[in-house]
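I opened a new notebook page for this structure. Below are my entries, in the order in which I looked things up.

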Amino acid sequence: MISPVDDFLPVRLKAVHDMAVEGLDDLTGRRIIDVGSDHGHLSLYALIHDNFKSAVLTDIHEAPAKRSEDTLRMYGYADRSEVYCTDGLDGVELNEGDIIVMAGLGGNNMIDIMGRVAQREDAQLLKSLVWCLQPQKSSDKLRQYLFESGFEITDENACEDRGINYVILKAVYTGVKADYTLKQKYYGPVILKRAKSGEEDALRYKQRLDERFNIAQRGDEEIRKMLEEV
Ligand SMILES: C[S@@+](CC[C@H](N)C(=O)[O-])C[C@H]1O[C@@H](n2cnc3c(N)ncnc32)[C@H](O)[C@@H]1O
């Protein structure tokens, strides 16, 4: 079915959606949870294009939560969606197999939200969740949190939308802390592999980071050390 939503889901959110559902065969028993849903377009797109059982949308502010609710209702998905005005996933009951998307939030905000979930849920449920994350900033801190808190970064890619480069990560909880290099923390383990094999989006993203880190190293010892890593 062609929908007006196809026209206004930006390249960035389409890339987030595609990574979220990539490799997952049967979505019929799963929910997509969009934290920081704002307009609700990502969930609407997923409900139209995938077989998700339902969508859960959360936003910390009332106006965007209302916008999300209006969008889903306007397109006839009120009965397959729930909208919460809450901080992250506070007060939201998680189900096994939920796919949780956080796009356009800062990395530190994501760490707080994931940390609270990790504290309250048992390991079996945590291991069944899929996280798809598009941090607006602090992706290095987010990766460090994931490596050190028992999450595995299963995929990563970059996209360019209206001249801005974005990184998207997919992570699952394994309970096993990972060793990591500073290059993996700052560039991303999968981005490095993709760039090495010449993938255009990852290469362009890496080149932008190269430029940024070359300047930042002057005042940041860890970045200087990272650039010296082989
Ligand atoms: C920049 S918008 C991004 C909207 C959409 N996810 C996207 O990528 O286009 C960030 C949204 O996240 C919401 N937000 C920020 N921190 C949040 C939190 N801790 N919990 C839930 N929503 C949050 C804001 O109110 C805002 O609507």
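**Entry 1**

I began with the cysteines. I searched the whole structure and found zero disulfides, taking a disulfide as a pair of cysteine sulfur atoms within 2.5 Å. A disulfide is a covalent bond between the sulfur atoms of two cysteines. I then looked up Cys132, which is in no disulfide. Its nearest cysteine sulfur belongs to Cys159 and is 11 Å away.

Next I checked cover. I call a residue buried under 20% relative accessible area, exposed over 50%, and partly exposed in between, using a 1.4 Å probe and protein chains only. Cys132 is buried, at a relative accessible area of 0%. Cys85 is partly exposed, at 44%.

**Entry 2: ground rules**

I note that this is a predicted model, in which local features need pLDDT of at least 70 and side-chain atom pairs count only at pLDDT 80 or more, while totals for chains, interfaces and linings use all residues. Residues are numbered from 1 along each chain as its sequence is written, and side-chain values use heavy atoms, with hydrogens and water left out.

**Entry 3: the ligand**

Which residues are closest to the ligand? I listed Arg12, Gly36, Asp59, Asp87 and Gly88. In total, 17 residues surround the ligand; to count, a residue needs a heavy atom within 4 Å of it. I sorted this shell by class and got six nonpolar, seven polar and four charged residues. In this scheme Ala, Val, Leu, Ile, Met, Phe, Trp, Tyr, Cys and Pro are nonpolar, Asp, Glu, Lys and Arg are charged, and the others, Gly among them, are polar.

Helices are DSSP runs of H or I with at least four residues, strands are runs of E with at least two, and numbering starts at the N terminus.

I then looked at backbone atoms facing the ligand. A backbone N or O atom of Gly36 lies 2.7 Å from a ligand nitrogen. For Gly88, a polar backbone atom is 2.7 Å from a nitrogen of the ligand. For Ala103, a backbone N or O atom is 2.8 Å from a ligand nitrogen. Taken alone, the ligand exposes 600 Å², and the protein buries 81% of that. These areas come from the Shrake-Rupley method with a 1.4 Å probe; for residues, only the protein chains shown count as cover.

**Entry 4: strand β2**

How many residues of strand β2 (residues 54–59) are buried? I counted six of the six, so β2 is largely enclosed by the rest of the structure. In a regular strand the side chains alternate between the two faces of the sheet. Here Ser54, Val56 and Thr58 point one way, and Ala55, Leu57 and Asp59 point the other way.

Strand β1 (residues 31–35) pairs with β2 in the parallel sense, over five bridges. Pairing needs at least two DSSP bridges between two strands. I found Arg31 opposite Ser54 in β2.

**Entry 5: two polar contacts**

I count a polar contact as a pair of N or O atoms within 3.5 Å; within protein, one must be able to donate a hydrogen and the other to accept it, and residues adjacent in sequence count only if both atoms are side-chain atoms. Asn165 sits in strand β7 (residues 164–173). Its side chain meets that of Arg208 in a polar contact of 2.3 Å. Asn165 counts as buried, at 15% relative accessibility.

Thr86 lies in the loop between β3 (81–85) and β4 (99–103). Its side chain reaches the backbone oxygen of Asp90 at 2.8 Å. Thr86 is buried too, with a relative accessible area of 14%.

**Entry 6: helix α7**

Why do I call helix α7 (residues 139–148) largely enclosed? Seven of its ten residues are buried. I wrote them down: Ser139, Asp140, Leu142, Arg143, Tyr145, Leu146 and Phe147. Just after α7, Gly150 takes a positive phi of about 90 degrees.

**Entry 7: a last distance**

Asp155 is in strand β6 (residues 151–161). At a relative accessible area of 13%, Asp155 is buried. I compared its position with that of Asp18, 137 residues away along the chain. Their C-alpha atoms are separated by 12 Å.
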